[in-house]
Amino acid sequence: MSEPDNLQHADGKNEKIEVSETKNTPIENTVPQDDSTHNNAPEEERDTTEKKVSETQEDDGINEIEESNAEDAEDEGNKERHTIAFKEYDKMSLEALAIELEKLLKSEKVQAIRSHVDAIKSEFNSKFHALVDEKKADFINDGGNEIDFYYSSPVQKRFKTAYKEYRSKLNEHYKNIEQNLKSNLQKKLEIIEELKGLINVEENINTTYKHFKELQERWRNTGPIPRDKYNNAWNSYHHHVEIFYDFLHLNRDLRDLDFKHNLEKKLMIIERAEELAKDDDAMRAFRELQELHKMWKEELGPVDKEHREAIWERFKAATKAINEKKQLYFKEIDKIYEKNLEKKEEIIATIEAIASEKTNSHGLWQKKIKEIEALRENFFNAGKVPIKVNEATWAKFKEAVRNFNRKKNAFYKELKKEQYDNLQKKRELVKIAEDNKDSEDFDATTPLMKKIQSDWKKIGHVPRKDSDKIWKQFKTACNFYFDRLHAKRNEANKEFIEAFKKKQELLDTLKNIEFSDDKNKDLEKIKAHVNTWKNLGRVPNDKRFIEGKFNKTVDALFSKLKIDKNEAEMIKFETKLETLNSNDDNNRSLDNERSFIRKKIDEVKSQINQLENNLQFFTNVDDDNPLVKEVNDNIDKHKKELKLWKTKLSKIKELY
């Protein structure tokens, strides 16, 4: 495994620890990179050493470093991926994710942001798909057919544009370096061939050594090669370098000088690695350790035989310590991810519980929809979970939400059917309103228009897309009719107000009337004023109190003339009938008055019967008895009252 490009145990589909895809195809006569091989060792010792080195290569930590370094060696820009901060993409909004992708494209090398882009893309797709599911549910709830659903948004277009730019830049980059990688590989293979030939050259050893140093310099200065060829090419190169040192034993001074230089440098590397083993930042230490391994491998040659095993074991021990710290770091992260998993499982269980509840009202469903939306947001903000359960957790969450949406959609599908029935009922009321809005028969049409307004309120909801339109139609037709009705009433009110003014003047005249000694003449004068009052017509409803004032004034005048009470009552009653008969209410006022008179007649008759029954208790009592006399007086009084009520009833019947 190679070092992770990032430290995330991902939560998204594509968020995973990225490893190099280096292929370690063996090359003949290659030797592993450590210094456990001895240039002057016997063949048996070499076999033993190679076996040890082979076992060392199986160490996960070193293999991870080797593979990551191979990836960095292919393209220097890859190294920068270690320094780009990984943000909490799972907690970002769709717009924030698009902006972050744009920033990375603008500020970082395209080959260094692959793992970041993959993580951003995974989060964006997850959240956008969740949003699309929500929009689709709303579309279906509003009466749409699923097959007709389509949704796009500016933020989706923005993200797609940025991602397309990333893919284009990445392809262009690899296209540009591809030829260089092949050319550099060829140059390094040629250097290896030249190394092979050094041991067969018949020339001064100093000249050969100088040539060897030039080849080493050329090797270091040659650019990157394909990552899948990196380790094998280097092993082959290293193998032939050691063969050259075996050949160089003829001139120990030159060899020992190199051995001493390499030992000093490697000891410095070991000391730095041991310092890093004490660093609290495990990942920073591990990244620098990669660089140390690269220096050990690429920039330095072998050391003297007596030191090789010791310094390699020491370097390996420091490497192991750093790697163990890194593994401990990941274990701590795993604990956090396990807690996040518990949170997400609780959220999923809550969603499932809400979905299982029976809900039969729009209000409750709206409340549940808000609850689910909050739970979805909490799920996205709960943090990452262990990668081994990430896919299963995400699938379980989606299924829980989909199950809720299926039940919600089933409810609203049935509700839509009811709403379409309501729509048809309201359309029928709209037709009635529009058919009658121009009617001139206000007496018949007004109750009808009021009734359909009342019926409209009793009808339930209609589909949202039709609600405003049909209400506007109905309201327009009703307003048109009632505006006409009010206009007519306003015109009539002008006459009523004028009648009120004239009645007010007449009332003032009656209050100041002067009588003569001729009673009959004065009575005719009062009757004339009463007739004038009747002919003045109706007054506004809020001014009808003037009728009461008129009656009191007339009563006072009759009292002054000492006219028979019943005669005076009939004069006033006839005036009242004229007023009632002029009311534009389909004789309702007359009907009410007739019902009132009949009720009074029944009451008086009942009272007379009761009094007559009471007389039966007075047996053998003279008519002069005060009690008997009082009862008889009451009976006479009620009979006169009964006669008056019957006269009133006959008068009112004449008007039908």
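Biologist: Phenylalanine 212 and phenylalanine 244: buried or exposed?
Modeller: Phenylalanine 212 is buried, and so is phenylalanine 244. Buried means under 20% relative accessible area, exposed over 50%, partly exposed in between (1.4 Å probe, protein chains only). This is a predicted model: local features need pLDDT of at least 70, side-chain atom pairs count only at pLDDT 80 or more, and totals for chains, interfaces and linings use all residues. Residues are numbered from 1 along each chain as its sequence is written, and side-chain values use heavy atoms, with hydrogens and water left out.

Biologist: What about phenylalanine 379 and phenylalanine 397?
Modeller: They form a stacked aromatic pair, 3.8 Å centre to centre with 5° between the planes. Rings of Phe, Tyr and Trp (its six-membered ring) pair if their centres lie within 6.5 Å; planes under 30 degrees apart count as stacked, over 60 as edge-to-face and the rest as tilted.

Biologist: Where do those two sit in the chain?
Modeller: Phenylalanine 379 is in helix H11 (residues 362–381) and phenylalanine 397 in helix H12 (residues 387–436). Helices (H or I, at least four residues) are DSSP runs, numbered from the N terminus. Both phenylalanine 379 and phenylalanine 397 are buried.

Biologist: Which residue lies over the face of phenylalanine 379?
Modeller: Lysine 344, at 4.4 Å from the ring centre.

Biologist: New topic. Where is lysine 297?
Modeller: Lysine 297 is in helix H9 (residues 282–299). It counts as buried because its relative accessibility is 4%.

Biologist: What does its side chain make a polar contact with?
Modeller: The side chain of asparagine 231, at 2.7 Å. A polar contact is a pair of N or O atoms within 3.5 Å; within protein, one must be able to donate a hydrogen and the other to accept it, and residues adjacent in sequence count only if both atoms are side-chain atoms.

Definitions and conventions. A charge sits over a ring if NZ of Lys or CZ of Arg is within 6 Å of the ring centre and within 35 degrees of the ring normal.
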